[in-house]
Amino acid sequence: MARTTPPRPVDVEALFPALAAHRRTATRLHPRQGAPTAEESSIAGPLLWPVDAPWPVCTAVHPKGRGHLLSDVRLRRRIHAGARGREYTDEERLLLHGTAPGRHHPDRDAVHPLPLLAVAQLYTRDVPDLDGPRGHDLLQVFWCPFEVHGTDRTIDVVLRWRRSGDVGAVLTPQPEPPVAGREECVPTACDLHPEQVVEHEYLGLLGEDLQHEIAEWEEGLLDGDDDEDGTRASAPASYATYEEYEAAMAAARAEEPEEVDYMSDLSIAPGWKVGGYASWHLTDPAPVDCSRCGTAMPPLLTVDAQEYDGASRSWLPVQDGADDPGVVDPVGVHLGRGLMRIHTCPADPAHPHRLSFQ
Ligand SMILES: [Zn+2]
Ligand SMILES: [Zn+2]
């Protein structure tokens, strides 16, 4: 099923024509749990990987046998999903108890090469904003699932571009690391439903005049809300059940005009995406420039812990239910404080990529 982002609540370029110069497209990937094939774009699906090509490995020196078995991570997620809305059975409790992290592969020492985790593969035919080396139509993304690399002690990402037409026999089965340092480094297999949207530059990176105009417009909207009924509705202090609370919140949402603000609704889409802009809501904006040639590097792939949250609710696809955990967090990956971006050099995609976090 295709996924469709609702139209933005206002036409922001009509309000602020200067924003037209700060527009980019992004392709929202809309991951949903599934069983993709090597011929499809996916997260954590099988890759279109030539049978005779060496699988990338991590050769950094760090513990590689202690952590979560990937099979345990998957079992835990299946149990949690199956038990949603009810108590765990005794059997489920026992199974969960058996999936604790530990020293699973004591023979796997620090220098032992570790197969990298296949995180995503994206075909340019599905993802219009995927911009790689000339003639390459397939991006394959890997990482080492231990947050211990480099001075920032973080995840190590590897990108491979291919011409899919050059791939003959496909490697099967495909290697994977048996253990992950953190379970939030392990993606769950997802089909993708790519959709191109328009984004506008992060507020703090717009010119001061434009920022000021947008702030004044937002203040005007809030004043308008207050004039309607004098005060903002205050919620009762407590509800007998969660269902009552949800019903009350839904009723309140239906009555109130949707609040609109630039940051949440009009600039940057939430969730996994290719292209578009980077949000700097947790830190001051930091330039991400190519270490080889100094060119500013836009985000190629954004990895997000959630497909939307309370603030970015207006980006929920029309086909999806608002409180479906399979829509909010289908992938199960949480890096940084929720967001990791892989930036590549527009002057030469072969230059080393860089990561940024929020
Ligand atoms: Zn590693
Ligand atoms: Zn460069």
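The sulfur of Cys 190 lies 16 Å from the closest cysteine sulfur, that of Cys 185, which is too far for a bond. A disulfide here means a pair of cysteine sulfur atoms within 2.5 Å. The structure holds 0 disulfides. Cys 190 is buried, at 0% relative accessibility. Cys 185 is buried too, at 0%. Buried means under 20% relative accessible area, exposed means over 50%, and partly exposed lies in between (1.4 Å probe, protein chains only).

This is a predicted model, in which local features need pLDDT of at least 70 and side-chain atom pairs count only at pLDDT 80 or more, while totals for chains, interfaces and linings use all residues. Residues are numbered from 1 along each chain as its sequence is written, chains are lettered from A and ligands numbered from 1 in the order in which they are written, and side-chain values use heavy atoms, with hydrogens and water left out.

Which residues coordinate the zinc ion (ligand 1)? They are Cys 58 (SG), His 62 (NE2), Cys 144 (SG) and His 149 (NE2), at 2.1 to 2.3 Å. Donors are N, O and S atoms within 2.8 Å of the metal (3.2 Å for Na, K and Ca); water is not among the atoms, so sites may look incomplete. The 4 donor atoms of this zinc ion (ligand 1) make angles of 103 to 117°, and the site is tetrahedral. Four donors count as tetrahedral if all angles lie between 85 and 135 degrees; four count as square planar and six as octahedral if opposite donors are over 155 degrees apart and all others between 65 and 115; anything else is irregular. Along the sequence, the donor residues of the zinc ion (ligand 1) are spaced C-x3-H-x81-C-x4-H. Cys 58 sits in strand β4 (residues 57-58) and Cys 144 in strand β9 (residues 138-149), so the pair ties together parts 86 residues apart in sequence. Helices (H or I, at least four residues) and strands (E, at least two) are DSSP runs, numbered from the N terminus. Cys 58 is buried at 3% relative accessibility, and Cys 144 is buried at 0%.

The zinc ion (ligand 2) is held by Cys 290 (SG), Cys 293 (SG), Cys 345 (SG) and His 351 (ND1), at 2.1 to 2.3 Å. Why is the arrangement around the zinc ion (ligand 2) tetrahedral? Its 4 donor atoms subtend angles of 101 to 114°, which makes it so. The spacing of the donors of the zinc ion (ligand 2) along the chain is C-x2-C-x51-C-x5-H. Here the linked parts are loops: Cys 290 lies between β14 (273-275) and β15 (299-304), and His 351 between β16 (339-343) and β17 (354-357), 61 residues apart. Cys 290 is buried, with a relative accessible area of 5%. His 351 counts as buried at 17%.

Now look at the packing. In soluble globular proteins, nonpolar side chains tend to be buried together. A nonpolar core is a set of buried Ala, Val, Leu, Ile, Met, Phe, Trp, Tyr and Cys residues joined through side-chain atoms within 4.5 Å. The largest core has 32 residues, and those with the most contacts inside it are Leu 122, Val 141, Trp 143, Trp 272 and Leu 301. Elements giving two or more residues to this core include α2 (70-82), β8 (117-123) and β10 (154-162).

The side chain of Gln 121 reaches the backbone nitrogen of Leu 48 at 2.9 Å. Such a polar contact is a pair of N or O atoms within 3.5 Å; within protein, one must be able to donate a hydrogen and the other to accept it, and residues adjacent in sequence count only if both atoms are side-chain atoms.

Leu 339 is found in strand β16. Its C-alpha atom is separated by 4.7 Å from that of Asp 304, 35 residues apart along the chain.

Finally, some backbone details. A cis peptide bond joins Thr 172 and Pro 173, with omega about -5°. Pro 173 lies in the loop between β10 and β11 (179-180). Arg 153 has a positive phi, near 50°, in a residue other than glycine. Arg 153 sits in the loop between β9 and β10 and is exposed, with a relative accessible area of 55%.
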